[in-house]
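Please look over the points below with the sequence and the structure at hand.

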Amino acid sequence: QTLSSTPLIALLNPQWRQVDDALDSASKSGGVFGAFASFLGGKGSVLRRLDELRYQPTFTLEGYVCKGGNIRLIKRFDSDWVVFAENDSGEQYV
């Protein structure tokens, strides 16, 4: 499949945590139980579909709070992760 025939997939603000909750774990299994867990909000079926489409993130922005300060992680497909952390006053990133 050539790059020009590959569909564009935009995944914006999915709010998926890096760790799975019970529905996410159950939805990754097959069968009726897995399908039911996906229907209730588990992300397993969506992850399988993205894998089938050979989805690759091209730009990722993640945000975390650590001890009250904001942390931002940014990654582009052709670069390493860049980390921005607020200074103690919360006015600038270091």
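1. The structure holds two salt bridges, a salt bridge being a side-chain nitrogen of Lys or Arg within 4 Å of a carboxyl oxygen of Asp or Glu. This is a predicted model, in which local features need pLDDT of at least 70 and side-chain atom pairs count only at pLDDT 80 or more, while totals for chains, interfaces and linings use all residues. Residues are numbered from 1 along each chain as its sequence is written, and side-chain values use heavy atoms, with hydrogens and water left out.

2. R49 is partly exposed, at 47% relative accessible area, and E52 is exposed, at 57% (buried means under 20%, exposed over 50%, partly exposed in between, with a 1.4 Å probe and protein chains only).

3. The other salt bridge pairs D78 with R76, whose closest N and O atoms are 2.8 Å apart. D78 is partly exposed at 45% relative accessibility, and R76 is partly exposed with a relative accessible area of 45%.

4. In helix α2, residues 31-39, the buried residues are G34, A37 and S38. Seen down the axis of α2, these fall within an arc of 100°, so they line one face of the helix (the arc is that of the directions from the helix axis to the C-beta atoms). On the other side of α2, V32, F33 and F39 are exposed.

Conventions. Helix = DSSP H or I, 4+ residues; strand = E, 2+ residues; numbered from the N terminus.
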